[in-house]
Amino acid sequence: MQLLRPATTAAMAALAVAVVVLSWCGGAQAHNITKILAKHPEFSTFNHYLTLTHLAAEINRRTTITVCAVDNAAMDGILAKHPTIYTIKNILSIHVLLDYFGAKKLHQITNGTALAATMFQATGSAPGSTGFVNITDLHGGKVGFAPEDNDGTFGAKFVKSVEELPYNISVIQISQVLPSAAASAPTPAPAEINITGIMSAHGCKVFADTLLADADAVGTFEDNLAGGLTVFCPLDDAFKAFLPKFKNLTKAGKSSLLEYHGVPLYQSVAMLKSNNGVMNTLATDGANKYDFTVQNDGEVVTLRTKVVTARITGTLLDEQPVAIYTVDKVLMPRELFKGLAETPAPAPAPEEAADAPKPSKGKKKKGKAAPSPDEVADSPADSPDGDVADQTADGNGAVRFDGGRFGFLALVVSAWLGFSVL
């Protein structure tokens, strides 16, 4: 039997270590409660209100968390009382435990009982210790949950584990909504928000005045204030330059253009960054999509409409349930500007061409007028599907292996081959 040379043995050992490291890197991903629950339609209402109340982003930000989900029937019991969105947020907050409780741990609690702090307690809105939940192993396969202000009665029981990522996030189902008088207490809404006044005072007066002049459009915005609204307001210079095109639209087209700058959901910056993808707008109806794509590159968030790409440049208001952001361009929907298409970025310099990703090819249209410079300035090149950088930096500037882990593996293999020929 031929013995392996020491160099070859060392290289193979390094390769084995690399495989283990790559497996770890592939599994070390941040959790996303919205995506986890989206796989289970029986929790769709619970999932919807986690997003609407901004709790989903808070859950995703935490590194150790347990979410006690309830099914749609249980959520109907809450909604039948017509609570404000702020009361719903408090109720759901008490269902988010600031510790990890998987199915195994629930049945092996030390001394049979544990007191867990919840996100309701962390908000500072819970009086005294009402933001804590008592968890008790009742034996016989049953585990009970009781808020501290519920006189010790177990209002809900463990049903099943939905998904567990030890010891990061555990999503479990409980039998019903936790009965907490403190969390369910009526919570008043903030004073009525004057969105056009806020926009006018912070560099978006032209858009705000145009919106006020359109009764249909401004009514649509106001109707969505209570349930959640996000507004992307073009800065004055951008909207002034766009006015000639705006004036050529029909009355219905003008309303649609204005409504296209609103989304019927509250979206904080953190939510926009974590929920990249296609987003419906106030202008969306059964016949027309009127959507755009949210994308972010680090701290920069862009809105891509297939006609133009606008960049979020500032925040005028971010106060549940309304967010207002400034954008550097007017959002032009394809439904109203079918003859225009976003122009790809200029070709890279010769020395950069070898390493730069190639933009996707689009069909040329005869007779198309050249786009104006302001439509092209910030238009990014289309990246090929699945193309990712070899390394990415985390928030502290440290480099971590992500999409480039296969490049790392290739490096190890190359080293192994080099050793083997010695």
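Analyst: Strands here are DSSP runs of E of at least two residues, helices are runs of H or I of at least four, and both are numbered from the N terminus. Two strands count as paired if DSSP finds at least two bridges between them. The model is predicted, so local features need pLDDT of at least 70 and side-chain atom pairs count only at pLDDT 80 or more, while totals for chains, interfaces and linings use all residues. Residues are numbered from 1 along each chain as its sequence is written, and side-chain values use heavy atoms, with hydrogens and water left out.

The open sheet has seven strands, in the order β9-β8-β14-β13-β12-β11-β10, and its pairing is mixed. At its edges are β9 (262–263) and β10 (277–280), each of which pairs on one side only. The partner of β9 is β8 (residues 229–234); the two are antiparallel and share two bridges. Within this pair, Val231 of β8 stands opposite Gly262 in β9.

The rest of the protein gives the setting. It holds 18 helices and 16 strands. Of its 422 residues, 41% are buried, meaning under 20% relative accessible area with a 1.4 Å probe and protein chains only (exposed is over 50%, partly exposed in between).

A nonpolar core is a set of buried Ala, Val, Leu, Ile, Met, Phe, Trp, Tyr and Cys residues joined through side-chain atoms within 4.5 Å. The largest one has 50 residues, and Ile33, Phe46, Leu50, Ile59, Ile135 and Phe145 have the most contacts inside it. Helix α6 (residues 85–93) gives the most to this core, five residues. Apart from it lies another core, of 32 residues, which includes Leu211, Leu229, Phe239 and Leu317. Leu229 belongs to β8, whose residues are 229–234.

Contact means heavy atoms within 4.5 Å. Beyond its neighbours within four places in sequence, Ile33 is in contact with Asn47, Leu50, Ala56, Ile59, Asn60, Val67, Ile169 and Val171. Among contacts in the protein between residues at least 6 apart in sequence, 63% join residues at least 24 apart.

Last comes confidence, given as pLDDT, the predictor's confidence in each residue from 0 to 100. The protein averages 77, and 72% of the residues score at least 70. Over residues 345–422 pLDDT stays under 50, and the model has 76 contacts beyond four places in sequence for them.
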